[in-house]
Each structure stands twice: as structure tokens, then as C-alpha cells.
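Q: I have a structure open and would like to go through parts of it. Can we start with how some of the pieces pack?

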Amino acid sequence: MKGFPKGFLWGGAISAAQAEGSWNAGGKGLTTQDLRYFDPAWDKAARDENRNINMTSERWEEALRSEDTVHYPFRHGCDHYARYKEDVELFAELGMNVFRTSVCWARIFPSGDEAEPNAEGLAFYRDLFERCKAKGMKLFVTMLHYDTPVGIVTKYGGWRNRKVIDLYLNYAKTLFREFGDLVDFWLPFNEINASRFNPYNGALLIKDQEEDLMSASFQCAHHQFLANALAVKAAHEMLDSPMVGGMIARFESYPATCRPEDVMQSILDENYKNYFYTDVMARGAYPSYTAKMFEELGVKIETLPGDDEILAQGKVDFMSYSYYMSMVSSTDPNHERAGGNLVNGLRNPYLKASDWGWQLDPVGLRVSLNQMYDRYQMPLFIAENGLGAVDVLEDGRVHDSYRIDYLRQHIEQMKLAVEDGVDLRGYTMWGFIDLVSCGTIEMKKRYGVIYVDADDAGNGTYERYKKDSFYWYKKCIESNGEDLK
Ligand code: BG6
């Protein structure tokens with residue numbers, strides 16, 4: 001086959017926590033992302049030090065009491081909750097035929113455990129979804145993109161408690177019941193491997209409270225796998241044409257050299273950081289290398305009789321992942337390190353890095369698509385991909401040729417993967433409207449083809465502007481990925 005198949009889905013992705021703002025409006029409860037602290041006055045070193053790991057017991061307590069929005073940027077996001085009607089018009093103008101967003105659990109169940117859902121939260125998402133459908137967009141909905149009601153942690157101790165599986169399942173069933181007529185694709189969890197690479201975001205764990213962080217993160221992952229499988233099972237029982245997917249952050253890992261030890265190391269890294277999570281969700285069972293991996297990492301988790309059956313009964317219908325960078329595997333302790341990857345890694349001399357140090361690798365996208373499809377033989381989606389960069393607004397435009405180059409190179413590789421025979425169904429570029437960065441909590445790290453006039457301190461008009469990449473991506477979508485000039 002030449003080019004993308006007819007009906008290929010082109011769109012953009014955002015998450016509630018990073019976009020919505022209006023943190024205490026519409027009956028919404030406080031979430032774990034609303035508590036993440038950022039100081040706009042931090043210099044680069046302080047920003048680096050605080051990214052991804054910036055939750056401590058002290059900060060948590062302080063944040064619970066604070067009404068401040070400047071130091072808690074997820075509380076303002078890009079003001080999407082207040083401007084969603086205008087935003088949907090812009091999304092439609094872009095021509096996208098799929099929209100990936102997440103539902104904020106705390107807009108539906110403010111503390112996570114109420115008996116009845118919050119009507120205002122349901123009404124917000126219904127209107128948003130109906131407007132998107134009216135514009136011809138399919139909906140790709142993440143049910144949990146890190147922002148968990150704070151009550152799930154304060155009352156239940158987070159994902160380490162099995163009781164949270166029931167609360168999550170009640171929330172999941174509410175979404176299927178309320179929005180099953182509108183949503184086309186469901187993702188129970190964003191990047192389910194985050195419990196490993198970012199224990200606070202992924203598993204709600206605060207480092208200074210953990211004696212054995214590694215075991216705790218895998219215990220939480222076990223409960224999330226069960227919740228994921230039970231959500232898949234519920235969707236299969238409740239919905240007419242359910243499509244429920246798995247999702248990870250994919251860290252493609254190349255051997256640093258053809259030294260056999262490096263090749264073996266890359267297999268282990270792939271298994272431990274990527275495939276472990278997708279294997280459980282796609283195959284419905286823990287993979288054969290689990291015991292060895294747990295032994296090497298010193299992990300001990302508790303399971304119950306019946307867990308294996310739950311996993312086996314909840315295999316996902318498709319697989320998706322975010323793809324931003326590739327990694328290098330080596331057994332050489334002196335191999336040079338790369339600065340800023342989402343997960344700290346080794347330097348690849350063949351790749352250039354973004355302003356935030358992420359090693360950009362378009363060909364790696366083709367590699368990962370081939371490997372994922374070969375392993376699972378199920379439909380794939382690229383749920384996230386994009387370039388975080390500093391943009392300058394000049395005369396109402398942003399001349400972001402660097403972002404166009406990035407998108408072009410990645411889309412070209414996706415096209416080659418499709419021609420390789422991969423069953424790729426869609427592409428939702430990340431942060432297609434500027435939003436607060438998940439890792440660094442900055443507004444300055446922009447991904448969008450739509451610029452939002454707000455800075456790191458939350459100052460600005462929040463007006464939306466189309467970047468050069470908006471017009472480029474529109475042409476790409478219109479031509480089904482043929483016109484990439
Ligand atoms: C993914 C997350 O890991 O990466 C998104 O699902 C996030 O929420 C994206 O925004 C890009 O990362 P960052 O740290 O640049 O925002």
C-alpha cells in the first residue's frame with residue numbers, strides 16, 4: 001500500500017489537567033496535579049532539578065491549604081474549560097477528525113468516592129463531546145491522565161490500596177454509561193508505565209514517604225492493570241462497539257554498540273520499561289520475564305487468587321503510545337549520558353536533542369511501530385508525539401518552521417511504517433493547543449499548532465493564535481498525509 005489508508009484519523013491530544021484550568025469551578029474536586037508546585041522565577045537549573053519529581057510531603061501539605069494559582073499552573077492550564085466552545089471551532093477549522101482529551105475524575109466524582117456523580121461535570125463533557133461530534137470528529141478519551149482526586153490519596157492511600165480499583169471502576173462505568181453513545185475510543189490510563197518512570201504522576205507516590213519505592217510502584221501498577229482489565233471487561237459488556245486501548249510512554253531502546261552485551265541489555269530495557277506494561281494489557285498475563293525482573297529490581301508485590309483471571313478477561317482492543325524520543329542501552333558504566341530525556345538516559349551521537357534535551361528520532365517512530373505491530377498484531381495509535389519548543393508571537397503569528405520540520409519527519413516515518421504493513425489507525429499530535437507542560441510545569445515549553453497567550457506565571461490574555469504549523473498541519477490532514485511540503 002502507498003500512503004495512509006482512507007479514513008486514517010488525524011488529530012490532536014490534550015489532557016484535562018494541563019488544559020482546562022478552572023480548578024475549583026463546576027463542582028470539581030482538588031486533584032493531585034493541582035498540587036504540583038512551580039516557581040516562575042526558577043532558573044534553568046532549578047527547573048531541571050524540580051521537573052517530574054517535585055512532590056514532597058511538605059509541598060503536598062502546603063498545596064492542600066493554598067488558593068494560589070501562580071505557583072500551581074495546572075490550576076489555570078490554558079483556560080480550556082472556560083473557552084471550550086471557541087476551542088472546538090478552532091479544532092474544526094484545523095480539519096482534524098479525531099480529538100483526544102481526558103476526563104478529569106474529580107469533575108465527575110470530586111473526592112473520587114461519592115455515591116452520585118457531579119451533574120455539572122457530566123454536563124461539561126457532554127457538551128464538549130457533542131460539539132466535537134457535530135463537527136465530524138471522533139473522540140478518543142483518556143479516563144485518567146494523572147489528575148486523580150486528592151481524596152483517593154488522603155482517604156485511601158492511593159493505588160497501593162485495592163479498594164481504589166473499585167472506586168476507579170465505578171468511575172469508569174459512569175463514563176461508559178454517560179458517554180458511551182459519543183466516545184469512539186477509550187483509554188483507561190494514560191501511560192500506564194508512568195508508575196515506574198514518574199511514581200507521583202503515575203502512582204501517586206511521594207518519594208520521601210516510601211521505604212521501597214520500586215516495590216510500591218509495581219504494587220500500584222498491579223492494581224492499575226487490574227483496574228484496566230476490569231474497565232475493558234465492563235466496556236465490552238456495556239457498549240455496542242467498544243474500542244478500549246492500552247497506552248504507554250514508549251522508550252525505544254537501541255543497543256549502544258553491536259557488542260552482544262549491549263544487544264542483550266537493549267532487550268532487557270525494552271522488556272522492563274516498555275513491553276512489560278503492554279504485554280500485560282495485550283496478552284492478559286504477566287510475561288515470562290516478570291520473576292527475573294522482580295528479582296533483579298528487588299520488587300515484592302501482593303496479589304490475590306483470581307487476579308490472573310481478571311487480567312486474562314480484560315485484554316485491550318488496540319494499543320497506543322506516546323513517542324517523543326529513543327533511548328540507548330549499554331552495559332558500559334562510562335557511556336555518556338543525555339541531559340534531559342523524559343527518563344534519564346544515555347547519549348546517542350547520531351541524534352539531535354530538543355531545547356529540553358529530548359533526543360529526537362523520527363526513524364525510531366517507524367522502528368517502534370514495526371516492533372509493536374509485530375509483537376501484538378493489533379491496531380495501533382500514536383496517541384502523542386510533538387515538539388516542546390520556545391515560540392515567539394510576532395504580529396499575531398508564530399513562525400515555527402522547527403515544529404513543521406519535526407512533524408513532517410515523524411509523519412513521513414509513520415507513512416513508511418504503514419507501507420511496511422503496520423496497522424496504524426491514527427495520530428493525535430500532543431498539545432496541539434499550547435498547554436502547561438506535564439514534566440516541567442512550564443507554559444514556555446509549547447507543543448501547539450495553536451498558540452495561547454499566557455506565560456509561566458499564568459499572566460496573559462489567553463487569546464488563541466494560529467501558528468504557521470497550524471496551516472501546515474491543516475494541509476497535511478486535508479491531503480491525508482500526502483502534502484507535507
Ligand atoms: C507525556 C504525557 O508523557 O508527555 C503528557 O502524557 C505530556 O501529559 C507529554 O505533556 C509531554 O511532556 P512534557 O513534560 O513536555 O509536557
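A: In α16, Arg403, Ile404, Leu407, Arg408 and Ile411 meet Asp468, Ser469, Trp472, Tyr473 and Cys476 of α17, where contact means heavy atoms within 4.5 Å. Helices (H or I, at least four residues) are DSSP runs numbered from the N terminus, as are strands (E, at least two). The model is predicted: local features need pLDDT of at least 70, side-chain atom pairs count only at pLDDT 80 or more, and totals for chains, interfaces and linings use all residues. Residues are numbered from 1 along each chain as its sequence is written, and side-chain values use heavy atoms, with hydrogens and water left out.

Q: Next pair. How do the axes of α11 and α12 cross?
A: Helix α11 (residues 213–238) and helix α12 (residues 260–283) cross at roughly 30°, their axes coming within 10 Å. They are therefore roughly parallel to each other.

Q: Which residues of α11 and α12 meet?
A: Phe218, Ala221, Phe225 and Asn228 in α11 meet Phe276, Tyr277, Val280 and Met281 in α12. That contact has seven nonpolar residues, one polar and no charged.

Q: Switching to loops. Where is arginine 446?
A: Arginine 446 sits in the loop between β12 (424–430) and β13 (450–452).

Q: Is arginine 446 buried or exposed?
A: Buried, with a relative accessible area of 5%; buried means under 20%, exposed over 50%, and partly exposed in between (1.4 Å probe, protein chains only).

Q: What does arginine 446 touch?
A: Not counting residues up to four places away in sequence, its contacts include Leu387, Asp391, Arg403 and Tyr451.

Q: And proline 305, buried or exposed?
A: Proline 305 is exposed, at 81% relative accessible area. Its place is the loop between α13 (290–297) and α14 (307–312).

How values were computed:
Axes are lines fitted to C-alpha atoms, for helices over the stretch in contact, and angles run from 0 to 180 degrees between N-to-C directions. Angles under 35 degrees count as roughly parallel, over 145 as roughly antiparallel, 65 to 115 as roughly perpendicular and the rest as oblique. Ala, Val, Leu, Ile, Met, Phe, Trp, Tyr, Cys and Pro count as nonpolar, Asp, Glu, Lys and Arg as charged, and the others, Gly among them, as polar.
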